[in-house]
Amino acid sequence: MPHFTVVPVEDNTLPSYDSLEGINWVDHRDSGHSYPGHLETVSSDGHGSHKEDSPFLNSSETSSRRNDYYDRNLALFEEELDIRPKVSSLLSRLVSYTNITQGAKEHEEAESAESSKRKIPKSPNMGTLMGVYLPCLQNIFGIILFLRLTWIVGIAGIIQSLLIVLMCCSCTMLTAISMSAIATNGVVPAGGAYFMISRSLGPEFGGAVGLCFYLGTTFAAAMYILGAIEIFLSYIFPMAAIFHTSDAHGGDSAMLNNMRVYGTICLGLMALVVLVGVRYVNKFASLFLACVIISIVSIYVGAVKSIFSPPEFPVCMLGNRTLVRHMFDECGKNIGNTTMPSKLRQNFCSLGNASDPHCDEYFLNNNVTEIKGIPGLASGIIRENLWGSYLEKGEILEKASEASVDVHGSLENFYLYVSADITTSFTLLVGIFFPSATGIMAGSNRSGDLKDAQKSIPVGTILAITTTSLVYFSSVVLFGACIEGVVLRDKFGDAVNRNLIVGTLSWPSPWVIVVGSFFSTVGAGLQSLTGAPRLLQAIAKDNIIPFLRVFGHGKANGEPTWALLLTTLIAELGILIASLDMVAPILSMFFLMCYLFVNLACAVQTLLRTPNWRPRFKYYHWALSFLGMSMCLALMFISSWYYAIVAMGIAGMIYKYIEYQGAEKEWGDGIRGLSLSAARYALLRLEAGPPHTKNWRPQLLVLLKLDEDLHVKYPRLLTFASQLKAGKGLTIVGSVIQGNFLNSYGETQASEQAIKNMMEIEKVKGFCQVVVAAKVREGVSHLIQSCGLGGMKHNTVVMGWPYGWRQSEDPHAWKTFINTVRCTTAAHLALMVPKNVSFYPSNHERFTEGHIDVWWIVHDGGMLMLLPFLLKQHKVWRKCKMRIFTVAQMDDNSIQMKKDLATFLYQLRIEAEVEVVEMHDSDISAYTYERTLMMEQRSQMLRQMRLSSAERDREAQLVKDRHSMIHMSSLYSDEEDELGEPVAERIQMTWTKEKLNGERRIRNNAPENFRELISIKPDQSNVRRMHTAVKLNEVIVNRSHDAKLVLLNMPGPPKNSEGDENYMEFLEVLTEGLERVLLVRGGGREVITIYS
């Protein structure tokens, strides 16, 4: 805790404090006085991510430290009041928290001081009706209701149409329930579906679904524009068509070209309006909504009126075939009761003579009749319209109840009949209708403007869906009960003189529907062009998709100029398709994808039962969410299986892109919670028992040493660990800092960060753990004992060789190493010691040839066999070949040993050359004897050196003269212990007679000690061990001097710790002359098996 010095001063200004661990300083101990110098309320990383260290909202007011600082009632907590507010202060800030209005930055980005001073957001004051219900109505009711619903009823019949409406509306209702649960689980800033999904399922899902939602909104703009152009060219001003058909059969292509031209012009004008005056779009939203409501009301009034006085829209029939009404003036073969041929006869007959053989055969054999296009609600036509009548492309619309002579007519007169322009099916109709059920997110998109979003969003959205669903259900029944079937199946109104079909039923005039639907469609298109760029801008500002960053910028007032440009270009693609029936399924896919993940988010959060999942909306259940998710998925494939695959592929690619390239975000999302639950479940399953030999893989604990600057001293240890990653096992990188944890926390954090950075450079996927201990030896022991969790614990320790241990005067330089070897043995862990690790290859090197040699001297459970196989999976070692050497004594049958070893490797499915090396008995050489003698002399000398600190420098020089070696720093030396007992170069002391005599005796004994060293005779057991080490080294160097890597059994340390120095010497002798050596010690269990 910081120390303060209290000085009485006259000035009342506040002292400045540094931020505490990344949290902006806020004094929470007072209330009532604001300090304008500290206006940031939530610490943010600048990329839209909260720093959850500070959970207090809008804490922008600081206060003078008058008497509250010394509040006697809270004296027990006064030291914590620096970083923790009083409850009264916290509550006052929470009450004053206001939601950010729509179009502003997301609440995660703390507002700057300048913007706070410049503009204070208005308090949101919209209620359920104006804020949620009416906007949802406007967005849900769309062009499909006016242009395609009558056609859907005619094609599918009333029963199947009701089923289509039920499926689509049930899907959106279930989604609305899930959305209400998410929206009421805390404060939802402006951001709509993207914000809810991304914060519930994480940046990967959020980015993928956010872009799908953006594409859906963009294609919705294209669909609305195409609908508006269709109304304009077909029903308002047909003469405006630029392209005209040259023959009777090219009408469709001419119409599509007209749609493309006018659609592009309309899109450009709308984009210009959005760019210049977006505020006018919002102001006219009420007018557009009024057009929709008036149009719907006129339909109901017209349906009721049809009971008493059906509107006059006669349909001309030739036999049972429907004729195009605007191609003739009188529905008959002759004019009135005369014999004068009518225009209809002239169209079917080339000369107008009834006996002329050029007349159409079907025309000659069938009568011309006229039926009512709108029989009325009381006519009973509903019975004929109950069942569907699906059509193939080019099939003529026929009325089954009309009499007809079935003869073939001339194809030249085909244009006179009303025919189907596309092949219809139930699945196609679902995809076309579903966009009329979308738009349920309008309330959540305006959450920043709502007075009580947690109450208004569920109530308004569910009421809006209920209202629109009732309108759709009733409209299906009314259309089927009032309108003739062939008229319903006539998509463009050719049978009723090119009138809008739904307009024929409306009162007082069809123009009410035509004009109302045109303006509502234009308004919906403007709303989509306004909303889509802002959604893209929100995704870009979250910085989760790097290549979208440019679209986060805009004009000075925040308008998303670049995002609007991209939206216009994508919408133009939909315009070029030019068919409303082709564009509608595309946006259905994207909206269904979005709704699917809203349901998934709610289901995941509900099943995980995270502590923060406390929605105010209680009428939800995970089963409803799963049902909604299943319905969304089913509707996607029902509508168009190939569009569904494409949409899912786009979302999947975006997901993987964000996963690998996107920015790391921690939003407390449900997928992270799901990972935690899955990890917990898996760990509990692993706890059942040790893994089978077939499942054994190296779970590494890599022990690293850091230098004084907290940099990794030997990064090639991490390189080696990454090259073993083919084992797909756990990797834990550990290090020890000497000291007191209370005083070394910051150093620990810095060390962990340095190790994580190096792990990222070396591409080591794993975990890092740094412990603080009084002694390094104890810290290493703690790591070996406590690293890992449950069944995910390390089974192999990797540590470096203690270079320069011979030159070190401190025995801890090599005792730490030996102690670690003993700890791994006691814990039944495998051990790997890469010697000369600085010569090991980096991940960028490639061995194009060479050998990995395994010297299998004692059986260690198969570690020596498995490790080369895993290394060869890495690109560095892939081209190396494997050789296995084993040692045969005089009484061994070396030929049989080689056969057995080859068979063993064959059963292990490991390809390797096999060699058996025979070691003959020989006398102990003079070199071995001399080497052992030097080893024991050195050990005796170091023991004497520790007796007198005054003689240490002189004795060490003697050792250096006898054994001149290269000075290298120790990997695991307790330099920290040296710090505890510093050796001063010059000691100031007061001499007494006793001290003087003691010093003289020590100096007089020095020559005697030296003579004792000369007369030492080496211990016979040490001579035998040295003999083994020398002989093995000669054989290994002879056979493997050019090997890229040599793997060797590591002998165990002596049981008596007095022989530790000799053990280190034996290992040095064993590995002399080899460039890269990996000493391996098994953990006492089999790690490889011949069985499948």
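**Group meeting: a walk through the predicted model**

Let me start with one residue. Arg498 counts as partly exposed, at 40% relative accessibility. The scale runs like this: buried is under 20% relative accessible area, exposed is over 50%, and partly exposed is in between, with a 1.4 Å probe and protein chains only. Phi of Arg498 is near 55°, a positive value in a residue other than glycine. Arg498 is found in the loop between helix H15 (485-488) and H16.

Some ground rules. This is a predicted model, in which local features need pLDDT of at least 70, side-chain atom pairs count only at pLDDT 80 or more, and totals for chains, interfaces and linings use all residues. Residues are numbered from 1 along each chain as its sequence is written, and side-chain values use heavy atoms, with hydrogens and water left out.

Back to loops. His828 has phi near 55° too, again positive in a residue other than glycine. His828 counts as exposed, at 60% relative accessibility. Its loop runs between helix H26 (812-826) and S8. The peptide bond from Trp507 to Pro508 is cis, with omega near 10°.

Now the whole chain. The secondary structure comes to 34 helices and 13 strands. Helices (H or I, at least four residues) and strands (E, at least two) are DSSP runs, numbered from the N terminus. Of the 1092 residues, 51% are buried.

What about the cores? A nonpolar core is a set of buried Ala, Val, Leu, Ile, Met, Phe, Trp, Tyr and Cys residues joined through side-chain atoms within 4.5 Å. The largest has 164 residues, and those with the most contacts inside it include Met223, Phe433 and Phe597. Helix H6 (residues 192-236) gives the largest share of this core, 25 residues. Another core lies apart from it, with 98 residues, among them Val780 and Ile1036.

Next, strand S8 (residues 830-835). Is S8 enclosed or open? 6 of its 6 residues are buried, so S8 is largely enclosed by the rest of the structure. Both faces are covered: Ala830, Met832 and Pro834 are buried on one side, and Leu831, Val833 and Lys835 on the other.

Who pairs with S8? Two strands pair if DSSP finds at least two bridges between them. Strand S7 (residues 796-798) runs parallel to S8, joined by 3 bridges. Thr796 has Ala830 as its bridge partner in S8. Strand S13 (residues 1077-1081) runs antiparallel to S8, with 5 bridges. There, Met832 stands opposite Val1080.

Elsewhere, 3 strands form an open sheet in the order S2-S1-S3, with antiparallel pairing. S2 (321-322) and S3 (368-372) stand at the edges, each with a single partner strand, so one side of each is left without a neighbour in the sheet. Leu318 has Arg321 as its bridge partner in S2.

Arg321 has a second contact. Its charged end sits over the ring of Tyr417, 5.2 Å from the centre. That label requires NZ of Lys or CZ of Arg within 6 Å of the ring centre and within 35 degrees of the ring normal. Lys491 sits over the ring of Trp151 with its charged end, 4.3 Å from the centre.

Last stop, Ser469. Ser469 is found in helix H14 (residues 453-482). Ser469 is buried, with a relative accessible area of 9%. Its side chain reaches the backbone oxygen of Ile465 at 2.6 Å.

Definitions and conventions
Polar contact = N/O pair within 3.5 Å; in protein donor to acceptor, adjacent residues only side chain to side chain.
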